[in-house]
Amino acid sequence: MSEPAYTLRELADHIQARLVGDDSAVIMGLGSLATAEAGEVSHLSSPAYRKHLAGTRATALILREADLPLWPGNALVSENPYLSFALVSQLFSRPQQLEEGHHPTAEIDPAAVVDPGARLGPGVVVGARTRISAGARLHAHVVVGEDCRIGEEVTLMPGVVIYPRVTIGARSTVHSGVVIGADGFGFTPSADGRLEPIAQLGGVSIGEDVSIGAGTTIDCGAIDDTVIEDGVKIDNQVQIGHNCHIGAHTVICGCVGIAGSTRIGRHCVLAGKCGIGGDRPIELTDGVVLSGATNVMFSIDRPGVYSGAVIHEPHGLWKRNAMRLRRLDELYRRVADLQKRVKGPKG
Amino acid sequence: MSEPAYTLRELADHIQARLVGDDSAVIMGLGSLATAEAGEVSHLSSPAYRKHLAGTRATALILREADLPLWPGNALVSENPYLSFALVSQLFSRPQQLEEGHHPTAEIDPAAVVDPGARLGPGVVVGARTRISAGARLHAHVVVGEDCRIGEEVTLMPGVVIYPRVTIGARSTVHSGVVIGADGFGFTPSADGRLEPIAQLGGVSIGEDVSIGAGTTIDCGAIDDTVIEDGVKIDNQVQIGHNCHIGAHTVICGCVGIAGSTRIGRHCVLAGKCGIGGDRPIELTDGVVLSGATNVMFSIDRPGVYSGAVIHEPHGLWKRNAMRLRRLDELYRRVADLQKRVKGPKG
Amino acid sequence: MSEPAYTLRELADHIQARLVGDDSAVIMGLGSLATAEAGEVSHLSSPAYRKHLAGTRATALILREADLPLWPGNALVSENPYLSFALVSQLFSRPQQLEEGHHPTAEIDPAAVVDPGARLGPGVVVGARTRISAGARLHAHVVVGEDCRIGEEVTLMPGVVIYPRVTIGARSTVHSGVVIGADGFGFTPSADGRLEPIAQLGGVSIGEDVSIGAGTTIDCGAIDDTVIEDGVKIDNQVQIGHNCHIGAHTVICGCVGIAGSTRIGRHCVLAGKCGIGGDRPIELTDGVVLSGATNVMFSIDRPGVYSGAVIHEPHGLWKRNAMRLRRLDELYRRVADLQKRVKGPKG
């Protein structure tokens with residue numbers, strides 16, 4: 001495969017940066033300050049990395065005006081070097097290959113409407129009344145159920161399964177192993193203790209520019225739709241229950257589990273392994289940030305950072321502390337009793 | 001697709017409820033009290049929702065005898081309105097479409113026995129000596145290994161993978177992304193620190209009316225089978241290790257992880273993100289309920305509700321508390337010392 | 001299928017054990033001491049199981065020299081009976097069937113190089129410039145992207161998805177539901193709060209004799225590769241972020257989540273449900289063992305066992321303790337105050 005290459009001038013124009021140095025220098029890739037080679041562009045986004053400046057072999061750097069004096073080489077001057085680096089990186093992206101057109105082994109329901117400009121790989125299955133827009137890429141063995149809408153330039157990686165009644169907005173990406181629209185988890189016991197399913201009749205509505213990581217599952221709503229708003233970024237192995245509503249531009253890191261009917265605001269960040277679920281549906285307001293492995297059991301109505309994980313310890317120490325934790329309430333009462341009995345002046 | 005529609009009389013007969021009102025009213029869907037539209041049926045299952053009665057536009061309500069005076073409209077009277085609502089919801093279920101017969105691209109081993117009344121979608125693969133019963137629905141790209149038994153009216157959603165030696169009982173449903181029967185995780189170190197696999201020779205035995213959510217994995221047994229009894233309901237992204245035994249009608253919510261050789265009783269409920277595993281195999285007796293994110297490290301022999309998660313806090317407060325937790329044992333000893341030194345009468 | 005059978009002499013030679021008893025006894029399977037039947041071999045690896053010796057019906061036992069006097073039957077004498085049992089078990093392994101050759105429905109890019117001795121099942125897709133070595137087994141619907149290397153005797157179970165730029169070493173096994181090489185999770189906010197993706201340009205490099213359990217996901221590196229060294233054993237539903245580096249012969253149990261850029265040493269053991277991730281990239285030195293459900297938020301530079309989970313309690317007790325935990329720092333200050341005020345001699 002021929003690798004992409006750009007002149008520094010092309011990169012400067014693409015990210016609208018001021019170019020200091022050689023317009024015609026050729027950039028063929030990206031690197032970190034410490035490991036970049038000649039022909040690569042790197043970035044100085046944090047003062048902590050200035051120490052690597054002397055040693056870098058990068059052909060050009062993206063940096064702030066203020067750092068320009070520190071660097072004698074080619075430079076792209078940006079107010080937000082890391083964002084500029086992200087924009088440059090996208091030029092070097094190499095999406096998985098997929099031939100134009102609809103592979104002869106694709107099974108398209110006669111009542112489906114698939115744009116001729118969509119690409120369908122081998123073994124793709126498209127259900128009745130589903131619409132696939134131009135520029136969509138459905139890789140090998142993707143299955144899309146009936147009554148779905150797949151927007152323009154949506155990418156569904158190999159093996160993705162979309163159940164009926166799912167809408168995915170333009171430019172969204174869904175990675176392999178993802179299942180969208182499976183039945184929400186709803187049962188109620190009958191008199192004899194058996195569990196009767198509540199039929200899950202809703203769908204899933206996913207906005208534009210959403211990214212969904214490998215192995216993530218998003219259930220359909222019970223009656224109404226589960227909703228993922230525009231720009232939400234979801235990492236791998238995230239579970240989102242039925243009737244959740246995730247606000248725009250929220251970030252959900254790997255292995256997060258979100259119980260049904262949770263509402264999460266806009267611009268939230270849920271770090272890895274968080275869990276959300278309690279006795280009643282939980283609501284997180286806009287701008288809530290959860291540290292890794294935090295379990296949220298009731299709603300949060302103020303933006304801010306919340307945490308809840310236990311810090312690891314050597315096993316023996318942990319064992320003593322963990323056993324004591326089971327008697328913490330008793331300890332409180334012992335301390336309260338002591339305070340009553342000690343008459344001295346407060347410290 | 002033509003949507004289903006029923007007269008209220010038909011619904012009343014189906015759920016064996018007393019009908020008060022218009023026998024011929026037509027019901028085309030379901031709604032919650034607050035959002036239901038004309039033509040829909042809703043339910044009043046909890047007194048907390050009585051406040052929504054005045055505003056509902058539902059054509060009919062399922063409710064208790066005692067609530068009948070509060071509602072002037074059409075009613076289906078039931079001792080357990082939520083269960084009745086579940087039974088009604090099933091009438092409106094719209095399972096993913098799958099054509100009758102065996103798709104020409106299905107690969108059926110000559111030594112397999114597939115009932116002509118089973119439906120096999122495109123790309124389905126069935127291994128040697130496997131039996132597929134009447135009414136089973138194997139959606140696109142399902143792979144069933146050799147020596148399996150797939151019961152009557154079992155549904156395997158697109159892409160499900162069933163390894164060899166798996167039995168699935170009648171009417172069970174397995175959602176996409178599920179893998180049943182993969183090798184249990186068993187290794188033992190050799191003298192040089194390399195890990196030798198213990199071959200996993202058992203299978204998986206799954207009962208009737210079991211539901212398995214998207215992305216869940218259930219490993220085969222090492223020698224004997226892993227067992228899931230009748231009526232067990234498993235949510236998404238649950239991991240069940242080799243040789244586990246899950247008792248009938250137990251509910252396992254999303255993201256639960258269960259270590260190998262765990263025995264879980266009947267009618268247990270494991271809320272989301274629980275983990276079960278310790279130094280020795282763990283046993284939960286019948287009727288154990290675990291709150292969300294509880295880790296169980298030793299057996300529980302009494303029914304009841306058990307919990308263990310940390311409650312979230314603002315980050316700064318959490319940090320102080322979490323650091324203190326690492327010295328909790330020391331605090332206990334300090335308090336004990338204080339108690340010895342304080343001679344006053346106990347509070 | 002004809003089951004395998006071996007004489008005791010054949011087993012003794014295979015595991016290089018001394019045989020005491022009948023060379024020609026036929027072994028057709030394995031069992032535990034308590035459940036083995038005639039025709040099966042079992043093992044006595046731990047003194048705790050000596051009590052089952054009297055009742056076992058096994059045709060032969062693998063045991064230590066020291067235990068030989070306790071057992072009158074056929075014996076294979078080994079210094080490490082469990083390791084010997086593992087080696088015997090492998091003889092009875094029944095890998096999922098896959099026909100020789102390349103199935104006619106396999107889609108092999110003309111620029112791929114697939115050894116004729118590799119087996120490709122129905123619906124397999126192989127991308128451009130990818131090399132598949134002899135003895136590799138790609139089961140039904142496996143998709144391998146472009147620029148990959150699949151080593152000799154690698155097994156990819158049904159439906160596995162390998163993205164571009166992934167290398168898998170000889171004899172490694174990848175179970176169904178696994179996705180290797182999906183985009184790492186990297187975004188940076190633009191001025192308006194939208195999230196711009198950082199293109200993920202690296203690959204994944206997996207060593208020899210690696211095992212990867214069902215539903216596990218391993219992301220590609222941002223610039224360099226994510227690396228899994230030789231002999232690493234990964235259980236089901238593990239998430240490994242971009243640019244992680246996992247040292248040789250490390251064991252990662254089910255449901256572990258590892259944030260991007262984590263470095264884990266050699267011969268570590270991460271029990272189920274552990275989480276690794278913090279403000280900065282985390283490094284675990286060689287020989288670190290984590291107990292189940294431990295969250296690691298900063299690096300560990302000494303080998304040893306580390307823990308961090310909360311122990312479950314009856315719900316009411318947990319509730320009191322968990323609420324107290326939120327005021328633990330305050331309790332410390334109260335105790336410190338008491339200590340100042342109590343003048344008596346230290347206990």
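Predicted model: local features only at pLDDT ≥ 70, side-chain atom pairs only at ≥ 80, totals over all residues.

Guide: Gladly! Let's start with one pair: B:Asp329 and A:Arg324 join their side chains in a salt bridge, 2.7 Å from N to O. A salt bridge here is a side-chain nitrogen of Lys or Arg within 4 Å of a carboxyl oxygen of Asp or Glu. Residues are numbered from 1 along each chain as its sequence is written, chains are lettered from A in the order in which they are written, and side-chain values use heavy atoms, with hydrogens and water left out.

Stepping back, the contact (heavy atoms within 4.5 Å) draws 76 residues from chain B and 78 residues from chain A. The area buried between them is about 6,300 Å², with carbon and sulfur atoms giving 62%; buried area is the accessible area (1.4 Å probe) that two parts lose on being put together, summed over both. On the chain B side, B:His312, B:Arg326 and B:Tyr332 lose the most area to chain A, together 13% of what that side buries.

Strands meet here too: β38 of chain A (residues 304-307) and β39(B) pair in the antiparallel sense over two bridges. Strands are DSSP runs (E, at least two residues), numbered from the N terminus, and two of them pair if DSSP finds at least two bridges between them. Within this pairing, A:Ser307 stands opposite B:Glu313 of β39(B).

How values were computed:
Helix = DSSP H or I, 4+ residues; strand = E, 2+ residues; numbered from the N terminus.
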